[in-house]
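The sequence and the model are shown below.

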Amino acid sequence: MKPTTEIPTKQNDTLLLAQEFLRRMSSGAEASEIAGLCSENLEWEIAGDTGALPWIGKKSGRSALVEFVDGLRSMTEPIAFEIHDILSSDKRAGILGTLATKLKRTGKIVKTDFAIVLTAADGEIVRFQMLEDSFAVSQWARG
């Protein structure tokens, strides 16, 4: 039997979904266009100090992603966003990277490694989970 390097279809679909999510985020697409990749019942989680920034915490629905994108764009200025790797399986894509962001109201910059875990079903993102240095983010956000 000859070894193959082909990615199984479902795994490839999940990888393509993650890549499209990143493309829309980085291209300045409208928040609703990015949210269109998600299930209406999206589960949202960014662990951390829930009072520090409006998008931190557990939420549900596409509106959680819209609020994240709108808040991120109005409150922060991206300095750097580097993707190190995207790992995928049939149901999940893990996006590993580093970011630096400036908080507009204070001018402070936070730098952190991150992992975004996207869970997919039926061609949509059904769960978004972001892991980052939540202590550094809290200190940065609270000034």
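Helices, of at least four residues in H or I, and strands, of at least two in E, are DSSP runs numbered from the N terminus. The model described here is predicted.

## The sheet

Six strands form an open sheet in the order β2-β1-β6-β5-β4-β3, and the pairing is mixed. At the edges are β2 (57–60) and β3, each of which pairs on one side only. On average, neighbouring strands of this sheet are turned by 20 degrees against each other, with direction ignored.

Strand β1 covers residues 38–46 and pairs with β2 in the antiparallel sense over 4 bridges. Trp-44 stands opposite Lys-59 in β2. Helix α3 lies across β1, β2, β3, β4 and β6. The angle between α3 and β1 is about 55 degrees.

## The largest pocket

The largest pocket holds about 570 Å³ of space. It is lined by 25 residues, and the closest to its centre are Met-25, Phe-68, Leu-72, Phe-81 and Thr-101.

By class, the lining of the largest pocket has 20 nonpolar, 3 polar and 2 charged residues.

## The second largest pocket

About 190 Å³ of space lies in the second largest pocket. Its lining is made up of Lys-10, Asp-13, Thr-14, Leu-17, Asp-90, Lys-91, Ala-120, Ala-121, Asp-122 and Gly-123. The elements that give two or more residues to this lining are α1 and β5.

Which element gives the most to the lining of the second largest pocket? Helix α1 does, with 4 residues. Sorted by class, the lining of the second largest pocket has 3 nonpolar, 2 polar and 5 charged residues.

## Aromatic pairs

A search of the whole structure finds 6 aromatic pairs. One of the pairs is Phe-21 with Phe-128, whose ring centres are 5.9 Å apart. Their planes stand at 55 degrees, so the pair is tilted.

Phe-21 lies in helix α1 and Phe-128 in strand β6, so the pair ties together parts that are 107 residues apart in sequence.

Notes
Residues numbered from 1 in each chain as written. Predicted model: local features only at pLDDT ≥ 70, side-chain atom pairs only at ≥ 80, totals over all residues. Heavy atoms only, no water. 1 Å grid on protein atoms, 1.4 Å probe; cavity = no way out; pocket = protein on both sides within 12 Å on 5 of 7 lines; lining within 4 Å. Points joined across faces, edges and corners; volume = space filled by probe spheres on them. Nonpolar A, V, L, I, M, F, W, Y, C, P; charged D, E, K, R; others polar. Pairing = 2+ DSSP bridges. Axes fitted to C-alpha atoms, helices over the stretch in contact; angles between N-to-C directions. Contact = heavy atoms within 4.5 Å. Phe/Tyr/Trp six-rings, centres within 6.5 Å; stacked < 30°, edge-to-face > 60°.
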